[in-house]
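Let's take a friendly walk through this model, from its sheets to its cores and one of its helices. Please keep the structure open beside you as you read.

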Amino acid sequence: EHQEIITEVGSQIAASIRQMQLSEKVAQYTTTLEQKVAERTADLQATLIRVEAILNNSPDALLLIYAELPIQQTNSSFNTLFGSVGTEYLGQSFLTLLHPDDAGRLADLAQVAATQPNGRHMEVRAIRKDGSTFDAELTTRLIQGDGLVCNIRDITERKAQERQLRYHAALQENVSDAVIGTDIALRIQSWNAAAVRTYGWTAEEAIGQVEPEFLQIRFPVPLKPEAEIQQFNEQGSHQQETIQRHKNGTDIFILGSATRLDDGNGVPVGVIAVNRDITARKQAEAALQNKMEEERQFQLYLKALHEIIIELTRVDQLDTFYKRAVELGRERLGFERLAMFLYNERDDTAIGTYGTDAQGKLVDERGLRSRWGASQGLFCPRQERASPNFRAQIQPCKGPPRRAQRSTRATTSGHSSRA
């Protein structure tokens, strides 16, 4: 009986010992598990802090939205971009952030995002809290089982630059002057429609060519290249008239204005040239100059003729008058050949006095007589003296003969003059 009691007590003690051992092991496991859970929780918390730091320091607005499109979470850049405070947008529909015309395109955002594993990119107009709109780039990506993550980037400045570039491109294509853009080595990078009209070369033919050699640029007056380059480098621009070559091989006069292009750091990256074809203007200027020169020469002739008339009025002898008239015409008026004829109205004849031979020497032509030919003009068709030294031609002149007693005929540089 005592043995049974002892045995039962021993069994109870052994069970207690095993229970204690199990409890100790459970306690150890619990402590280890709690320690691991605490470490894991700390790691997750640190990761969460790092992720939130990354999200809150991103320049883009980031949102987590549910599949039904209510906003679940935002970062600090979202508040900055939309002008909101705290969590006031949480729970609102994502579509309230967009212009009504763009919101309609995103009603099925979750379904579309599910079919595009790499995300969806589009440009929209977003609305701030104060009602102002701005251009935005929207990127959405599906989070499996947890809605969508959206990235909103303000592209207002970029869109403004794009509009400015389109404006300048349209302006460049519609101006009447040739606009040529080159890199810093003067290799042509752009060639507008006016350049095609001015030079005859298409953009495909011109782009890549070195401008000075391609257009054969020359200067109408000698220049000092070093001084021109120094002026351009100092001022960043230069205007100059040049002679350039058209595709058809003709020269054209160009009034060009060149401006240096610098990058944001002030480093030269290219040159933009605006060239105007002034060929017609230069031709008009040359014609005007020639006309003015002709007028000046004419005035000189009139002055010389006036002086000749004054001098001839002082001559008393008629024969001397004829000689002197021819001599003065040669000396003062520069005629190569000159002769003076007397007109006899009774028998309509021209009677020679004095003239010049082919060498410009004074010769006696008093033996020359010719029909005047009133019915055919001032002079009859060509008549020649029998003498081999006579080479003058009597040429027709429209209109009735004048009632004059003297007629002169002179030739200068191949042109005839009669009086």
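## Ground rules

Two strands count as paired if DSSP finds at least two bridges between them; strands (E, at least two residues) and helices (H or I, at least four residues) are DSSP runs, numbered from the N terminus. This is a predicted model, in which local features need pLDDT of at least 70 and side-chain atom pairs count only at pLDDT 80 or more, while totals for chains, interfaces and linings use all residues. Residues are numbered from 1 along each chain as its sequence is written, and side-chain values use heavy atoms, with hydrogens and water left out.

Let's start with Thr182, which stands opposite Ile188 in E7. Thr182 belongs to strand E6 (residues 178–183), and E6 runs antiparallel to strand E7 (residues 188–191), joined to E7 by three bridges. Further along the pair, Ile180 faces Trp191 in E7. Four residues separate the two strands of this hairpin, and Leu186 in the turn has a positive phi of about 65°.

Is Thr182 buried or exposed? Its relative accessible area is 6%, so Thr182 is buried (buried means under 20%, exposed over 50%, partly exposed in between, with a 1.4 Å probe and protein chains only). Setting aside residues up to four places away in sequence, Thr182 touches Arg187, Ile188, Gln189, Glu211, Val269, Gly270 and Val271; contact here means heavy atoms within 4.5 Å.

Axes are lines fitted to C-alpha atoms, for helices over the stretch in contact, and angles run from 0 to 180 degrees between N-to-C directions.

Another open sheet has five strands in the order E2-E1-E5-E4-E3, again antiparallel in its pairing. Its edge strands are E2 (71–74) and E3 (120–127). Within this sheet, five bridges join strand E1 (residues 61–65) to strand E5 (residues 148–154), and Ile65 stands opposite Leu148 in E5. Helix H5 (residues 156–174) packs on the sheet, touching E3, strand E4 (133–142) and E5, with its direction at about 115° to that of E4.

## Nonpolar cores

A nonpolar core is a set of buried Ala, Val, Leu, Ile, Met, Phe, Trp, Tyr and Cys residues joined through side-chain atoms within 4.5 Å. The largest has 23 residues, of which Leu63, Ile65, Phe82, Phe94, Leu97, Leu138 and Ile152 touch the most other members. At least two residues of this core come from each of E1, helix H2 (76–82), E3, E4 and E5. Beyond its neighbours within four places in sequence, Ile152 contacts residues including Leu63, Phe82, Phe94, Leu97 and Leu138. A second, separate core of 15 residues includes Ala304, Leu312, Tyr322 and Leu342.

## Helix H11

In H11, the buried residues include Phe321, Tyr322, Ala325, Val326, Leu328, Gly329 and Leu333. They cover an arc of only 165° around the axis, which puts them on the same side of H11; the arc is that of the directions from the helix axis to the C-beta atoms.

The 16 residues of H11 (residues 318–333) should span 22 Å at 1.5 Å a residue, and the end C-alpha atoms are 21 Å apart, which agrees. The expected span is 1.5 Å times one less than the number of residues. Just after H11, Gly334 adopts a positive phi of about 75°.
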